[in-house]
Amino acid sequence: MALRVLGIVCVIGLAMGAAGVAYLWPRCSGADCPSVAALRDYTPPQASRVFDGQNRLVAHLAPERRIVVPLDRIPANVSGAFLAVEDKRFYRHKGIDYRRFFGAVARDVKDLSWSQGFSTVTMQLARNVFPQHLKREKTLKRKAWEVVLARQIEGEFSKDQILEMYLNQIYLGAGLHGVEAAAQGYFGRSATRLTNAQAATLAAIPRNPSFYDPRRNPTAVIQRRNLVLGLMQDAGVIDAAAANEAREAPLGLAPPAEARGRAPYFIAAVRRELRERFGADAEQQGLKVYTSLDPQLQRAAEQALVAQIRAVERGAHGRFRGSSCSGEKVANPDRCLQGLFVAMDPDDGDVLALVGGRDYAISQFDRVTQAKRQAGSAFKPIVYSTALAKGIPITEPLIGPGIGAGEGGYYPADHVADSVTMDMRGSLRLSSNRAAVNLGQRVGAASVVAQAKELGITTPVKPYPSTFLGAADVIPIELVAAYAPFANGGMAVKARIIRRVEDAQGRVLWEARNTRRYVMSPAVAFLTTSLMRDVVDHGTGSGVRQGLPYSIPAAGKTGTTNEAADVWFVGATPDIVAGVWLGFDRPQRILSNASGGGLAAPVWGKALAAYYTTHGAPAAWTAPADLVTASIDRHSGKLASPGCPGEDVRTEYFIPGTEPAEYCPIHPDNFGGWVDRTLRGIGDWIGGGPRPEKPPRPKPRPQGMEPWTGTH
């Protein structure tokens, strides 16, 4: 009875197994069936292309494509490395290694998993050239297709032909197909000249090309390379001495392809975003990628930044104690003085230029989008805009005799004496630390933190007094984008590098959305910009004017962190918002006297000056109609009386209800002085002298930018 039951169970099991095989077994008809004969003419997928803001081609993302090399020109250590790790019985099976297959099945049953692979070189070749039938997902149906196609390939081609096609078509990451393209792309040499270590490195990649990327994960690649070297030794490809010597070798990578092209950091950022949106093989999908890159501004920024870094290294700004990296060979790239520049359109966040470091060949780390650094005083406009939004007028005294320290006893170092009375305009112009802390404590740390988040800062900003001085780490591109509302009338934008992506047939696959939203009133934005214009024209940011003429309206703020480890200038014109940073990747003093005004501001000015040589000067910002003006005595912050000297009187803007109501108490009533100024004014008018200029035509409001409604 037991034997009968066992027999019935076996029959049922076999029937179910046969039904499963019949269900999973590949079937197709007509033109849908893959033709193994087509392998002779196979070419890898089309490279994706990147276009600039004027729709001009900038780069192919897979420029190497496939470089075909006959098998007899591929060294034994290269072919042997791949066979040792991928298919050591390649010449002894007919497309399927049954020994490996049953071993994998046994381990999977034991572990109750689907983790063991048994793909041979022939099966991998089928997977690479017939992706429409063999998807990347790990399924039994895909394996069945691999088995069928591998058997057909083995019947159509010799073993040497199969190995040659495999080595010329295997995808090895970074848009590189085949060992020759990969050898040139990673090591800058032909596959015929690869060392044992380099051959093993290439053979380490196919297991997971996106993870075993020598530039992104060098430690993991070295570990797997050393495993491959052991397998090469076991297979007799190399001896023990050669394997040990190769294990000690560095990766020895050549500069990436981007370093030899235009806008390398920008193109690398495009590549990263495409992989996030379209997968690891986005470079080979034949995509057309439209960006906002302005090549002229990009080149000008690269040149200005590198020129300033080299000037610092040769001592033009003071004694430099770091290592110079301006020569042809750089001994320790991690110790090089670095910098960044990024510029965007303040109206929509389109990135016009992105320079993530001094030299892409030295370092591929993008400091614009991947670094986190203290902002220093470049954070202060966020504090000031918060105060203006809460109704504190520009004329409010922040430091000076009789003005005490803020709550909590935090009393930072300052280069402005306590004996000098300064309002918001003077304090920001000279970057007073105590003024920023006093102002921040008046409005509250929580309000400043909330304002930073509204402006697009995503890194943690703690409600501490030191936050008012830029102690929090920020991502540079976010800090620059946070200045966009000051330039565009109060609307926050998100930086965007890619505008639109199309497939090879021109169908739109993805398009950047408009994410503008009001985060402050146009009045607050204008007032903050007005303060920062003084910084550029008369304050710590005057280094901008070393390159940028006064005919180009500009506003911004310098920043210098403790020990002069970071120097910044972030600012805007009416149609560009941009930022510059210099420093070391491992923070240390740049120079004893390093400052954002001395090192970063000139780079900003020279880059934008080059841009405006071929672009018209923008109209200056105009005050919103709801602001009011008043003549103010700059010492008292009150309405100017007839006795105030003319040089002490300035016209100031106010949000209605915040303007002063009292007259200056400092100067006695001097009717004669008032009469003198009045008569001179009448004389100028009669004689055709200075008159109020007609305000420049305001910049047209971009489509979709709704008026301020008073809500965020």
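The largest nonpolar core of this predicted model has 85 residues. A nonpolar core is here a set of buried Ala, Val, Leu, Ile, Met, Phe, Trp, Tyr and Cys residues joined through side-chain atoms within 4.5 Å, and buried means under 20% relative accessible area, with exposed over 50% and partly exposed in between (1.4 Å probe, protein chains only). The residues with the most contacts inside this core are Phe-266, Leu-274, Tyr-384 and Met-424. Helix 19 (residues 522–538) gives the most to this core, with eight residues; helices (H or I, at least four residues) and strands (E, at least two) are DSSP runs numbered from the N terminus. Leaving aside neighbours within four places in sequence, Phe-266 is in contact (heavy atoms within 4.5 Å) with Thr-291, Leu-293, Gln-298, Val-351, Leu-354 and Ile-497. A second, separate core comprises 48 residues, including Leu-125, Val-129, Leu-149 and Phe-187. In soluble globular proteins, nonpolar side chains tend to be buried together.

Residues are numbered from 1 along each chain as its sequence is written. In this predicted model, local features need pLDDT of at least 70 and side-chain atom pairs count only at pLDDT 80 or more, while totals for chains, interfaces and linings use all residues; side-chain values use heavy atoms, with hydrogens and water left out.

Attention may now turn to helix 9. This helix covers residues 218–234, and its 17 residues should span 24 Å at 1.5 Å a residue, the expected span being 1.5 Å times one less than the number of residues. The end C-alpha atoms of helix 9 are 24 Å apart, which agrees. Its buried residues are Ala-220, Val-221, Arg-224, Arg-225, Val-228, Leu-229, Gly-230 and Met-232. These buried residues pack against helix 2 (76–86), helix 8 (196–204) and helix 10 (240–247). Just after helix 9, Gly-236 takes a positive phi of about 80°.

Strand 15 (residues 566–573) is mostly covered, with eight of its eight residues buried. In a regular strand the side chains alternate between the two faces of the sheet. On one side of strand 15 Asp-566, Trp-568, Val-570 and Ala-572 are buried, and on the other Val-567, Phe-569, Gly-571 and Thr-573. Strand 15 pairs with strand 14 (residues 555–560) through six bridges, and the two run antiparallel; two strands pair if DSSP finds at least two bridges between them. Within this pairing, Thr-560 has Val-567 as its bridge partner. Strands 14 and 15 form a hairpin with five residues between them, and Glu-563 in the turn has a positive phi of about 60°. Strand 15 also pairs with strand 16 (residues 576–584) in the antiparallel sense, over eight bridges. There, Gly-571 stands opposite Ala-578, and a hairpin joins the two strands through two residues.

The structure holds one disulfide, a disulfide being a pair of cysteine sulfur atoms within 2.5 Å. It is formed by Cys-325 and Cys-336, whose sulfur atoms are 2.1 Å apart. The torsion about their S-S bond is about -95°, so the disulfide is left-handed. Cys-325 counts as buried at 5% relative accessibility, and Cys-336 is buried with a relative accessible area of 0%. By contrast, Cys-644 is in no disulfide, and the nearest cysteine sulfur, that of Cys-664, is 3.7 Å away. Cys-644 is buried, with a relative accessible area of 0%. Cys-664 is likewise in no disulfide, and at 6% relative accessibility Cys-664 counts as buried.
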